[in-house]
Amino acid sequence: MMNDMDRPLILISNDDGIEAPGIRELALIAQDMGDVYVVAPMTPQSGQSSAMTVNAPLRVKQHVAAGFGGNVKVYSVSGTPVDCVKLALNRILPRRPDIMLCGINHGSNAGNNLIYSGTMGAVMEACMAGIASVGYSLTDHAMDANFSVTVPFIKEITRRVIAKGLPSALCLNVNFPVGKVIKGMKVVRSAASHWSEEYREYIDPHGIPFYWLTGSQINEEPGATDTDLYWLDRQYATIVPATPDQTNVAAIEAIADVFE
């Protein structure tokens, strides 16, 4: 008879919050591969990157697993995605997870979005703890986004990572294009990019201006064929190997010449 230790333990989180359809889809996909624990923010936390709560208590609530699959354990946390991972590892999970999955995010985490992403913040946190970790995102912000086209790719990637693991201190940022067909997968780098017209100005009823985050992502190297933004535009899923260590090793000698 198979016991709990025979099946991989899978931790799932997100930055869109416990009520987001994307995390329910990911839990349904993963439950055939192992024992699933969902630990996600109580409220949307997009753009939180690796932020964590330091000046307020954190509350944890266990939920009935309706919509997540019959054997999934579901918890929400009154904090950020990183808070969710930290609490899961320290207080909630019965043992160390074999893999951590985040998403499915509603919206792109390609290009420079990787830096801002709460989804990838959670992935980086698990990666720093030595856990094989993958973030999944669909380039559609709608809450009624259709995730069905991503399912076979998520199954394949997740199964391969469970079976083979990932190199030390390395995680994956996976993005899927919107559309009825995904032509395949490409392992690439993040495109150099920036956001234009980031804030729109409005006037409140008292005549006082306020600002709302908006804008468009600009690919700074549209002709480069080895980037995520290039291949997403051509209906391919992209896999970017990422690392929490942001040291520019190649620049150490040049910077040492300046300061030593």
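Which residue forms a salt bridge with Asp98? Arg95 does, with the closest N and O atoms 3.3 Å apart. A salt bridge here is a side-chain nitrogen of Lys or Arg within 4 Å of a carboxyl oxygen of Asp or Glu.

## About the model

This is a predicted model, where local features need pLDDT of at least 70, side-chain atom pairs count only at pLDDT 80 or more, and totals for chains, interfaces and linings use all residues. Residues are numbered from 1 along each chain as its sequence is written, and side-chain values use heavy atoms, with hydrogens and water left out.

## Salt bridges

The count of salt bridges comes to seven. Side chains of opposite charge can pair when their charged atoms come close.

Start with Asp98 and Arg95. Asp98 is partly exposed, with a relative accessible area of 40%. Arg95 is partly exposed too, at 22%. The cut-offs are simple: buried is under 20% relative accessible area, exposed is over 50%, and partly exposed lies in between (1.4 Å probe, protein chains only).

Next come Glu125 and Lys86, whose side chains meet in a salt bridge of 3.0 Å, N to O. This pair links distant parts of the chain: Glu125 sits in helix 4, Lys86 in helix 2, and they are 39 residues apart. Glu125 counts as buried, at 14% relative accessibility. Lys86 is partly exposed, at 31%.

Arg189 and Asp226 form another bridge, with the closest N and O atoms 3.0 Å apart. Arg189 lies in the loop between strand 8 (185-187) and strand 9 (193-196), while Asp226 lies in the loop between strand 12 (216-219) and helix 6 (228-232). The two are 37 residues apart. Arg189 is partly exposed at 32%, and Asp226 is partly exposed at 37%. Salt bridges that share partners join Arg189, Glu221 and Asp226 into one network.

## Helix 2

Helices (H or I, at least four residues) and strands (E, at least two) are DSSP runs, numbered from the N terminus. Helix 2 covers residues 81-92. A straight helix of 12 residues would span 16 Å, but helix 2 spans only 14 Å between its end C-alpha atoms. The expected span is 1.5 Å times one less than the number of residues.

Which residues of helix 2 are buried? They are Pro81, Val82, Asp83, Cys84, Val85, Leu87, Ala88 and Ile92. These buried residues pack against strands 1 (9-13), 2 (35-41), 3 (60-63), 4 (73-77) and 5 (99-106), and against helix 4 (118-128). Contact means heavy atoms within 4.5 Å.

## Two pockets

On a 1 Å grid over the protein atoms alone, a pocket is an open set of points where a 1.4 Å probe fits, with protein on both sides within 12 Å along at least five of seven lines; lining residues have an atom within 4 Å of a point. The largest pocket has a volume of about 640 Å³. It has 21 lining residues, and the closest to its centre are Gly47, Asn113, His141, Trp195 and Leu213. Strand 5, helix 3 (113-116) and strand 11 (209-213) each supply at least two lining residues. By class, the lining has five nonpolar, 13 polar and three charged residues.

The second largest pocket holds about 380 Å³ of space. Of its 20 lining residues, Leu114, Ile115, Met124, Thr243 and Gln246 are the closest to its centre. Helix 4 gives the largest share of this lining, four residues. The lining divides into nine nonpolar, 10 polar and one charged. Ala, Val, Leu, Ile, Met, Phe, Trp, Tyr, Cys and Pro count as nonpolar, Asp, Glu, Lys and Arg as charged, and the others, Gly among them, as polar.

Terms used
Grid points are joined across faces, edges and corners, and a volume is the space filled by probe spheres set on the points.
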